[in-house]
Amino acid sequence: MTMKTISLPLTGMSCANCALSVERNLRKLPGVDTANVNFAVEQVTVSFDPAQVQEQIIIDKIKDIGYGVASAKVELAVTGMTCANCSAAIERTLRKKIPGVLDAAVNLATERATVEYIPTITTQDDIIAAIVRIGYGVIPPDTGDTEEDAEQVARRAEVADQTRKFFIGAFFTLPLFILSMGRDMGLWGDWSHQVWVNWLLLALATPVQFYTGWDYYTGGWKSLRNRSANMDVLVAMGSSVAYVYSLVVLVLMLPGQHVYFETSAVIITLIKLGKMLESRAKGRTGQAIRNLMGLRPKTATIIIDGVEKEIPLAQVKVGDLVIVRPGEKVPVDGLVLEGISAVDESMLTGEPLPVDKGPGDTVTGATINTEGLLKINATRVGKDTALAQIIRLVQQAQGSKAPIQALADKVAAVFVPTVIGLAILTFIVWWLVGGAFVPAMIRLVAVLVIACPCALGLATPTAIMAGTGKGAERGLLFKNSESLERATQINVAVLDKTGTITVGQPVVTDVLPLPLPDRSMEANAVLRLAASVERGSEHPIGRAVVNSAQEQGMTLEEPMDFQAAGGLGVRAAIDGQMVFVGKPNWFREMGVDLNPAEKEINHLQRQGKTVMVVVVADAAVGLIAVSDRVKEDSGTAIAELHQMGIKVIMLTGDNLQTARSIADQVGVDDIFAEVRPEEKSLQVKKLQDQGYIVGMVGDGINDAPALAQADVGIAIGTGTDVAMETAGVVLAGGHLTGVSQAIKLSRATMRTVKQNLFWAFIYNIILIPLAAGVLAPFPSLPEALRHLHPMLAALAMALSSITVVSNSLLLYRAKIN
């Protein structure tokens, strides 16, 4: 069973209970494995079996339970159609072969295609590319410099709607509040106590109740229809109690009874103000990923038959020859064929200095060519580019749930029913104790209004969004929230030597022929034999040997019957004889006599060099020493880990003497030497068995099992795709200092999560009893605390969510260097 994962932008959610309702209903669909809603970003991530359920069924289910999915529409001019079959083919292709397309209609007469799609699943570029692939042309829509992000359009419309309703509510509430409170304080004279004034108050309160507050009624109804209760239920109940009571008093003209129209109006207006500010603040938490999306250029210049042509980015294909002039963005990932320049990669890696590029070097899409003209061969386009992968990683992390959120979800699931029960209990107790209906009603309204499930729902996801967003800006990519949380607990960092502590580009330093009883070889002959064997190897040391021979102009033989011996060495038939190249211990185990070479082997290893023995016909004919340069920042990075209280262990397949030489240069605490690739994960497991929380840092294919075994796998961004797949954290900058920065960021993020959860819980724990009147028996306390007015309760409720979101935004200022 192949699982598929999609992310859908949601509309219409008001609190954490809405998110839980969406999750619960989607999980009931056959074929859906997981459904996680991030309330802060208002997005659901669904993992499902496409053989059992399709995207449209998931979208329809979301709409059935009362919520919306943000979609976009684009109208494209299509060329090359000749008949109705052409238009039908385009419709069929878009509907059935492009995930995320909700509908496609092609008008043959006007030669235009109207497509509705989910922007988080597919893009305009994907749609255009699909039409072009089946043989038709597309004239891209004239959208100016930037294509509108449909999800952001929906979010902005939502904020605009909240803002409009707040200001209309405030327009009616302000005079209502002044008139009503002034009357209670005796400021307006006898006229204000006339019956017609109460009718005026009703006229002012009604638009607030049923226009500004209408969302609370619709949201509450949707929630109850799905057998749950959310914040909307509390607000609708609290404001309606005050409004309906006042209406009854007015209509029945009950003598001596006060009306509370200003209470219901102020409650709704203040909470709407809070939701408006909360929506705007939530939008800022997702700014980092929108910045990443904005890095993509819209067009590219390619050469076709010797002629330059500017085309939409979506039409660039692998293998195209792309021209990038100074100051332009590199449109796609590629290989430099001609030209020398410096490329600014800071937007992806966080490194401020431009990187020199020339023929044979790789360049990454969205980086900026700062100097010379470059001709590149496109190697990865569209969703395969590094930028697209980074965006997917960040979206994946922001869409996942941290384990710490489980407690908040459990509380949120029972929160609203519990609050309603407490409010009713408060009303009954105070009515029985005080004997008066109105004071008991006021306390009931205060309890309903002050309770805030939103702060609970926002506490974790807003912090995760801000933390992963800041990480993306610095080239620190967390694949999921669990890795972010787990990284805070790392107390041992295991660093692979080659490519992690060292540059990973070893060079041959020594070639020493060994004397034989009947003959001896020249150094060049030893190197040529070894290089011919290593032509079949992908190991950095093997490539170093091959490069050294090629640089000297040697003609190498094609290896026959090549075999690699699991990190010990390699062998192959060269010129009809079997040649072995490998570590000294391998040959000692095979019984090859290395006594004549032991002195030279030990001397080279004490210098920190890796020694390879070349054996022909069971006799050692030469030694080749290879050395790898330590990265400039390795010592600094390891010192930073020590300052954070983290033990650092170096893991290497080299012998102990060579490993110690490197270890002494960088200051690691311990060494695991002569470890075969398949044994790396076992070494990590041993540390875990001793109670350590292990962060494994590596960059190669043979590091992948160890990265997967570790509590947190951290892949250096310059490494292989396999290593990236198995790691929970990717350091896009390729620098070891990113390890400490990632851990610092994770600690800062989880500290913010805990602060948010503390505030959300403590707020409700203290203020709900306060609204219920637990301090009423203490006459020495201020009146405002003994008898908390619902209007103050509404203000406190509005401020609670804003406080949580604002605290999360402070993460963007966190210092992680």
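Mentor: The chain has 29 helices and 30 strands, both taken as DSSP runs numbered from the N terminus (helices H or I of at least four residues, strands E of at least two). This is a predicted model, in which local features need pLDDT of at least 70 and side-chain atom pairs count only at pLDDT 80 or more, while totals for chains, interfaces and linings use all residues. Residues are numbered from 1 along each chain as its sequence is written, and side-chain values use heavy atoms, without hydrogens and water.

Of the 817 residues in the chain, 54% are buried, that is, under 20% relative accessible area with a 1.4 Å probe, protein chains only. The C-alpha atoms fill a box of roughly 125 × 75 × 50 Å along the principal axes.

Now to the pair itself. Two packed helices are described by the angle between their axes and the distance between the axes. Helix α14 (residues 437–450) packs against helix α27 (residues 737–772) at an angle of about 165°, the axes being 8 Å apart; the axes are lines fitted to C-alpha atoms over the stretch in contact, and angles run from 0 to 180 degrees between N-to-C directions. α14 is therefore roughly antiparallel to α27, a term for angles over 145 degrees. On the α14 side, R443, A446, V447 and I450 make the contact, which means heavy atoms within 4.5 Å. From α27 come Y763, N764, L767, I768, A771 and A772. By class, this contact has eight nonpolar residues, one polar and one charged; Ala, Val, Leu, Ile, Met, Phe, Trp, Tyr, Cys and Pro count as nonpolar, Asp, Glu, Lys and Arg as charged, and the others, Gly among them, as polar.

Key:
Parallel < 35°, antiparallel > 145°, perpendicular 65-115°, else oblique. Buried < 20%, exposed > 50% of the residue type's maximum accessible area, 1.4 Å probe, protein only.
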